[in-house]
Amino acid sequence: MALFISIAATGILEMQWGGVGIDDWWRNEQFWVIGGVSSHLFALFQGLLKVLAGVNTNFTVTSKGADDGAFSELYLFKWTSLLIPPTTLLIINIVGVVVGVSDAINNGYDSWGPLFGRLFFAFWVIVHLYPFLKGLLGKQDRMPTIILVWSILLASILTLMWVRINPFVNRDGPVLEVCGLNCD
C-alpha cells in the first residue's frame, strides 16, 4: 500500500506543478489503467508475434462513418477482443470482493485483517475501470452478450487456475493443531 500511496502522491504533485487539477489527474489514471489492460496489452502481443514468429499484422485505415454498410458487423467483432480483458478484470475483482467478504464473515475476526489490503486493491481496480464499464453498457444500459460470455469464461478459467496453483495453501493436506486429532 505504501508503494501505491507514494505513486499517487507523486502523480498529484506532478499535476499540481503542471497546473492540472485532481479531477484531471484521476481521469488520466483511469484511462491509463483502461488502456493498459486493453489496447496496450494487444499491442504488446502483436509486437511479440511480429518479432518472435514473423507474423505481420496489418493496420488498415478505414472510414469511421456510420454508413459502413455490409462491413459494420466486422468492425464490431474486431473491437470485441479489446473489450474482453478489462471486463474479465472487472468480473474477477467484483467476485473477489464478494468471496473475500463472505469468507471473512464465515471465518471470524482473525480473517478481517488480511482482507482489508486485498479489498483496497480490488476496489482500486474497480474504481479505475468504472468509466470503461459505464461506456461498455452504452445508452441501452446492457452489455453486449458476446463480451459478457467470453469474459465470464475467461474469468472462470483464470479463477480455477488460481485455485489449482494457489501458493498460499498448504500442499500437505489440512493443518491440524499441535494436540492432534483428540483435542479436549
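This is a predicted model: local features need pLDDT of at least 70, side-chain atom pairs count only at pLDDT 80 or more; totals for chains, interfaces and linings use all residues.
Me: Is T88 buried or exposed?
Reply: T88 belongs to helix α4. Buried means under 20% relative accessible area, exposed over 50% and partly exposed in between, with a 1.4 Å probe and protein chains only. The relative accessibility of T88 is 3%, so T88 counts as buried.

Me: What share of the protein chain is buried?
Reply: The protein chain has 184 residues. Of these, the buried residues make up 19%.

Me: How many helices does the protein chain have?
Reply: Helices (H or I, at least four residues) and strands (E, at least two) are DSSP runs, numbered from the N terminus. The elements run α-α-α-α-α-α-α from the N terminus on. With zero strands, the secondary structure of the protein chain comes to a helix count of seven.

Me: What distance does α5 reach from its first C-alpha to its last?
Reply: Helix α5 covers residues 112-128 and has 17 residues. The expected span is 1.5 Å times one less than the number of residues, and for α5 this gives 24 Å. The helix in the model comes close to that, reaching 24 Å.

Me: Which residues of α5 are buried?
Reply: Let's stay with helix α5, residues 112-128. The buried residues in α5 are L115, L119, A122, I126 and H128.

Me: Which residue forms a salt bridge with D24?
Reply: A salt bridge is a side-chain nitrogen of Lys or Arg within 4 Å of a carboxyl oxygen of Asp or Glu, and a search of the whole structure finds one. The closest N and O atoms of this pair are 3.0 Å apart, and the partner of D24 is R27.

Me: In which helix do D24 and R27 both lie?
Reply: D24 is partly exposed at 39% relative accessible area, and R27 is partly exposed at 42%. An α-helix has 3.6 residues a turn, so residues three or four places apart point the same way. D24 and R27 are three residues apart, about one turn of the helix, and both lie in α2.

Conventions. Residues are numbered from 1 along each chain as its sequence is written. Side-chain values use heavy atoms; hydrogens and water are left out.
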